[in-house]
2 protein chains.
Amino acid sequence: MPVDNRERILETALDLFYARGYDAAGVQEIAEKSGVTKPTLYYYFKSKYGLLEQLLKSRGEPFLEQLHAACAYRGDLRGTLCAAAGAVSDFAKREPRFALLLVALFYSARDNEAYQAVRPLVLRLQGDVEEIFNEASADLGNMNGRQRQFSLGFIGLVILYLVMKHETEGEKGIEISGEEIEALVHQFMHGIYS
Amino acid sequence: MPVDNRERILETALDLFYARGYDAAGVQEIAEKSGVTKPTLYYYFKSKYGLLEQLLKSRGEPFLEQLHAACAYRGDLRGTLCAAAGAVSDFAKREPRFALLLVALFYSARDNEAYQAVRPLVLRLQGDVEEIFNEASADLGNMNGRQRQFSLGFIGLVILYLVMKHETEGEKGIEISGEEIEALVHQFMHGIYS
DNA sequence: TTCATTCTATACCGAACGGTATAACCTGTC
DNA sequence: GACAGGTTATACCGTTCGGTATAGAATGAA
């Protein structure tokens, strides 16, 4: 009774989904490692899929809100992109395992249940970033409808940085420094305008 | 009897692993869609894991050899990186589904069986690319031991291009043009030297 | 003809899967 | 003292999973 069981289950699910993948992680095991029985798990989450959905919602919602705010265009593409990348970096620092789980799901098989669950989240993320380029195009002249391509590329680049940081530095607290963010954005924009 | 059953099984496995993921794809279904019974599948591949291994070997080996050749340093970092990226592009054009399967596995959960299977392939790939930077450092001065980081970044960037191409153009024949490859390499090196 | 290879059909195995039913227990609130 | 929310233990459900046992049939080479 000390801690919130529901929260513990979510935390354990995050650990296992991250380490083994959604399909390979068993409900039984999640319950056991949470110090809880299976009926308790099903008392809070009506299915394994529901568990993943709730996990994505509870951890993803704050991230999406923060990112959405950071994506507000302030008449400066470079600055806005830095803010967006900074929001991702902040989040990845606070919740490294969840961030990496998102990456894995982002690249996972399209017909897999787990991908269906992240899809709405991914779409909102893409939409927010794309909006930056849409608004920038009003200021900077048309982008020939390549906003989508730009946003995909930018997201991919930020993800790449995350994974690299994780690969070289270990799991605890992925952080991208301010200088690195500016360099990344510079590199990205240089690519765009050349 | 007309076609090679073993090859058909590999092809079907590629399709299903790609579409649904390794864990979610069932052996039974692979056998059925190959027009073959389960014992036949097990006659060629002693386990599901063995099937994945053989798939990675049969499709991956030619790719790795081609890439290895392309990674031979010719006193010109820029040119060598273009050659390496070109080898990836060629391969992705010929075998788009396999290339995308590799990407998904590359980013998948570390403790998953499937990741264990790609690991040797990934290590060889990384090693070949890293070798480019090692040899270049002899010519261009030391890189402060950042060869690994550079190779990870370069690989990630090429992968990002693949996924973007796939996302925007559909699945049949991912191709990266010569100009795009040069731009990509330029962008990457600009990032390095700034 | 013999023989190995390739493959079939069918049927089964034990284990694990996701999920549920039942019935009782604790704890705090009203 | 009644009641609701949270939780337990236990046992079970049907299904699917990866994998196998058995016994035989087609094929082509020696």
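Modeller: Let's start at a base: an N or O atom in the side chain of Lys38(B) lies 2.4 Å from a base oxygen of DNA strand D. That is a polar contact, a pair of N or O atoms within 3.5 Å; within protein, one atom must be able to donate a hydrogen and the other to accept it, and residues adjacent in sequence count only if both atoms are side-chain atoms. Please keep in mind that this is a predicted model, in which local features need pLDDT of at least 70 and side-chain atom pairs pLDDT 80 or more, while totals for chains, interfaces and linings use all residues. As for conventions, residues are numbered from 1 along each chain as its sequence is written, chains are lettered from A and ligands numbered from 1 in the order in which they are written, and side-chain values use heavy atoms, with hydrogens and water left out.

Two elements give two or more residues to the surface near DNA strand D: helix 3 (38-44) of chain A and helix 3 (38-44) of chain B. Helices here are DSSP runs (H or I, at least four residues; strands are E, at least two), numbered from the N terminus. Helix 3 of chain A gives the most to this surface, with four residues.

Widening the view, 15 residues surround DNA strand D, and the closest are Thr40(A), Tyr43(A), Tyr44(A), Lys38(B) and Lys48(B). A residue is near a strand if one of its heavy atoms lies within 4 Å of it. By class, the surface near DNA strand D has seven nonpolar, six polar and two charged residues. Here Ala, Val, Leu, Ile, Met, Phe, Trp, Tyr, Cys and Pro are nonpolar, Asp, Glu, Lys and Arg charged, and the others, Gly among them, polar.

Lys48(B) lies over the face of Tyr22(B), at 4.6 Å from the ring centre; the test asks for NZ of Lys or CZ of Arg within 6 Å of the ring centre and within 35 degrees of the ring normal. The whole structure holds 19 aromatic pairs over all chains. One of them joins Tyr44(A) to Phe45(A), a tilted pair with 6.3 Å centre to centre and 50° between the planes. Rings of Phe, Tyr and Trp (its six-membered ring) pair if their centres lie within 6.5 Å; planes under 30 degrees apart are stacked, over 60 edge-to-face, and the rest tilted. Tyr44(A) counts as partly exposed because its relative accessibility is 34%, whereas Phe45(A) is buried, with a relative accessible area of 1%. Buried means under 20%, exposed over 50%, and partly exposed in between (1.4 Å probe, protein chains only).
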